[in-house]
Amino acid sequence: TDERAELDENAKAVLDEKLRMIQEMLPARPEITVTYFQPDERKSGGAYVTHTGLLKKIDTYERIIRLEDGFLIPLDELFAVESPLLNED
């Protein structure tokens, strides 16, 4: 198992900005790739998991990202988000 890495303030700001830009693209149902921490149910630690899918909704009330395939990613466990629609030079 891996230990959860804490994002520094700069990394959190970058992640928040990417989420904001992706939220604006929501009508286009952008494809996103998310990396998030999945805690181990039996012991401390967990694993970083990457999943790709079409964005359905960023639910800030329930604090989850919903993908078209029904996959849910907890915002509090989010480590990284990428999309071909983001211009990342």
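A polar contact is a pair of N or O atoms within 3.5 Å; within protein, one must be able to donate a hydrogen and the other to accept it, and residues adjacent in sequence count only if both atoms are side-chain atoms. The model is predicted, with local features requiring pLDDT of at least 70 and side-chain atom pairs counting only at pLDDT 80 or more, while totals for chains, interfaces and linings use all residues. Residues are numbered from 1 along each chain as its sequence is written, and side-chain values use heavy atoms, leaving out hydrogens and water.

**View A. Ser83 and Glu31.** Ser83 is found in the segment after strand 5 (strands, E, at least two residues, and helices, H or I, at least four, are DSSP runs numbered from the N terminus). A polar atom of the Ser83 side chain lies 2.8 Å from the backbone oxygen of Glu31. The C-alpha atoms of Ser83 and Glu31 are separated by 6.0 Å, with the two residues 52 apart along the chain.

**View B. Lys18 and Val81.** Lys18 belongs to helix 1 and is buried, with a relative accessible area of 14%. A polar atom of its side chain lies 3.5 Å from the backbone oxygen of Val81.

**View C. Surroundings of Ile65.** Leaving aside residues up to four places away in sequence, Ile65 touches Leu19, Ile32, Val34, Leu55, Lys57, Ile58, Phe71, Leu72, Ile73, Leu75 and Leu78 (contact: heavy atoms within 4.5 Å).

Key: Buried means under 20% relative accessible area, exposed over 50%, partly exposed in between (1.4 Å probe, protein chains only).
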